[in-house]
Every structure is written in C-alpha cells, then in structure tokens.
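Subject: Structure for your review

Dear colleague,

Please find the structure below for your review. My findings follow it.

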Amino acid sequence: MTVLMTAGLCSCQGNTPAKNNEKAETKSKYQITEENEATEMVMNHQPESSYWFPEQLLEWTPEEDSDLAYNISTVPLAQRVEKENLTPVNKTQNKDTEVMAISIMNSSTSGNAPHGLNKADCNVFTYWQYVDELVYWGGSSGEGLIVPPSPDVTDLGHKNGVPVIGTVFFPQDVSGGKIEWLNTFLQQESDGTFPLADKLIEVAQTYGFDGWFINQETEGSEEEPLSADHAEKMQAFIQYMKKQAPELRVVYYDSMTCDGEMDWQNALTDKNSMFLADEEGNPVADEMFLNFWWTEDKLADQELPKASAEKAEELGISPYQLFAGVDIQAEGYMTPIRWDLFEAGENSTHTSLGLYCPNWAYTSAQNLDEFHKKENTLWVNSKADPSQEIAYASDTQWHGVSTYAIEKSAITSLPFVTNFNTGSGYSFFKNGEQISTLDWNNRSIGDILPTYRWMMEHGG
C-alpha cells in the first residue's frame, strides 16, 4: 500500500523532545557531549570511502581493508509495492517508464566519510520514490577510476527500495585518460577469467551494493589506439561478470562502439547493440544509458528515442532497458528538453529516462531550504503537485519527472514509523532528549519520506 502523507520535512533525529514538565519530573539519562564546545571539530584518522585505479583494485582484499567495517552497507534492499498495484495520479504517468539517476552524492572521489560528518550541509536527496536505480557518480584520473558508493548512500537507497550502483570511469584523453588503464581492466587469463571482473563482484558483494555502471570514454593514442578488440573484450568482460554474479546489475554507457571508436550514438544502434545482446541474442549488460544529444535540434528529425525503441524490439530487448539521457548538471530544470521526442503518444514513453546530475538541485542552492524547493520542481513539477495539470509556455520547458514516472513506495507492511528525517540536522536527540548541539549528516539514518508532499485533496 502507498501511504499518503502531506507533512513537511524536518531535520531532526529520534523522538519528539519531551515536554518541559515531563523533563522536570524525570532525571536526564543523557548528557550533552563535550565536543559541543567546539564550533568545528575535525576528527583525525577518519575512515574513508573507497576508490581505486585498476592496478590498486587487483591488490585489494577485504582482509587488508582497514576501513572495511565502515564501508559495508547494512540495510537490505527493500521490496517495493508491486507495479500493478500502483495508482497513477495524473493521466501521463506510465508504470513501465523507469528513471536512472546518475548523481554526484559526494563532492569528490576521495576524502569521503562513510557515514557523514559534523555538518548539516550535505546532498540529502529526498525523492527516491521516482528513482528505479541510482548511480553513485565518481572517478577521476587524479584520484581513482573505480568508485563504489559510500555506504550511507546505499543504506538510504536500500531503505527506499532503490538499487545503488558504483562507477567504473575511463576518462577521455583530455581529462587524463590512459589506454593502459583500460587494458589492465580488460585483461583476461588463459582460463577465460577476468581478474578485475572478479574484483568488481567481490567489492559489490562485500560492501553490499547492487552493481556497476561502466563508462568507457578513453580514446587511446596514435601509438596504441582504441580498437574493435577492446569492444569485443568489453562484451566478454560483461558477459563473464553477469555469469559469475547474475544478481549484480551492469549498465553500459553509449560511448565506445563495436568498431572500437568513441562515437556516441545517442540511441540504440547496430554500432552499440553488442553491449546489450551478442550475435546469438544472448544478453550482455542489463541496461544502457543513451547519450544526451538526441534532444538537440540537429538530431531531432531522426527521432532517436523512437528509433531506439524499435531497435530494442527487433533485438528482443525491452525498450525500458534503455535510458534516454538528459544532462542537467549545468542548468537543472532550466535545461531545454525535446519532451515530444521522448513521449510515445498518450500515457507512454519510447524508453526510460536517465538523469545526469540531478544533484544540480543541491549544488546550485544557497542553503538546504532552497535545495528542497528546487527538488520539488525538478522531480515533481512547477506546482510541486504531481496531480496538477501544467500549461507549458514552450515545448522544451521542464516537465518534471512525475509527468512520466509513477511514484513507488517501499511501505509494504505495518507498523510503519518515520521521523521525517532527511539524514542531516542541526542537533541530535535520543529518546526525546538532546544529546548533541552540533550540526551533523548521516544518510544511513535518513527515513522514508512522504510519497506526496503538496497534494491537497481537502482544500487545506
């Protein structure tokens, strides 16, 4: 069942503070922690979320991982309400359209605390009900290319029934990419095994997240260019990985083609379909994130989302395994999008929807209140009410994710309890008593938040 809640969000943790007369009668069991005298506290020897270059990951073992205990997600993936039992709240929502969020949940690849720090300012994403998969975006040529999600993000995603996957990032040459990193990654032993595929599986299973997004954009050099052999090895790598751990998700980014060229197709085509199905029709990756240019005027007449759906059906693949990408990192909901190319008639879309950097709502905001207001518009619509019909001034005006994706709920049984905790706050309570006055963030203890926030059905 989906619980309708219209209460606002609060940044607190624990029960409501006890009434004054009750506190006077009951001696406090807790004391304010001593560190509250420090306005800003820096803890030495802080554990760190993991990141590796390919050679480093080959050397990694759980037994020698000094921060292992802090980087394991302890929250199992919650079961969501079955799709057929969901009720659309507007006439354009489609139960089959899924949403992938590729989001910068922490500001860098390195230096991230597994369970937050003493500051309230944090990307405490709150619209999980519209997301079917979250990619923890990270990786750089100067820090590391293989980045598992920090466990606080996995914990909160799992609580809301959303799989969270890590990133494997091979940057373009201009961003420091090196073909030797890709060669090391795709190295295959004589017995057919791929050592780094085994390591990716081991990391995901040990840390408790759900798979990997593979973003291969390294072009190579004149001395050692990218080739069709790299593409064939990538296909074999993914198939090996899926055979060894079929429960882990693998997403391939529309970048390297079957010819071993960096040639973004912005669609599913003969040049990239080998990464979803081989020549015999056997599956490869689970999903593909399609590049962003399908929405630009110079490609509009090709109707690439429609062509992608037709190609998927030809290959026996669900078109909703394809995620038409929109890049909103710079302009957020001011980004012009050709939604008419994405739509497939009434109450339908050609493919699923992929959002690149919806964290714009956080990074562009001056404070957390502005962040949440921007989230309302980005994920719902300009009225923050998914049931409202919106009159758009132009064909490319932001529609809001709720226009296409139905709200999903991880509330499937009673009793259900929430403190409306977003995962950060300005003080901390336990059993109604204040035990810290420091700011804090820890997304691991964030709650399931209201499915609908501003739907007012009774005039209030």
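Of the contacts in the chain (heavy atoms within 4.5 Å) between residues at least 6 apart in sequence, 78% link residues at least 24 apart. This is a predicted model, in which local features need pLDDT of at least 70, side-chain atom pairs count only at pLDDT 80 or more, and totals for chains, interfaces and linings use all residues. Residues are numbered from 1 along each chain as its sequence is written, and side-chain values use heavy atoms, with hydrogens and water left out.

The chain contains 12 helices and 13 strands, taken as DSSP runs (H or I, at least four residues, for helices; E, at least two, for strands) and numbered from the N terminus. Its radius of gyration, taken over C-alpha atoms, is 23 Å, close to the 23 Å from the globule rule (2.2 Å times the number of residues to the power 0.38) for 460 residues, so the chain is as compact as a globular protein of that length. The C-alpha trace spans about 75 × 55 × 40 Å along its principal axes. Buried residues (under 20% relative accessible area, 1.4 Å probe, protein chains only) make up 54% of the 460.

The buried residues of α6 are L196, A197, K199, L200, I201, V203, A204 and Y207. Just after α6, G208 adopts a positive phi of about 90°.

Yours sincerely

Terms used. Buried < 20%, exposed > 50% of the residue type's maximum accessible area, 1.4 Å probe, protein only.
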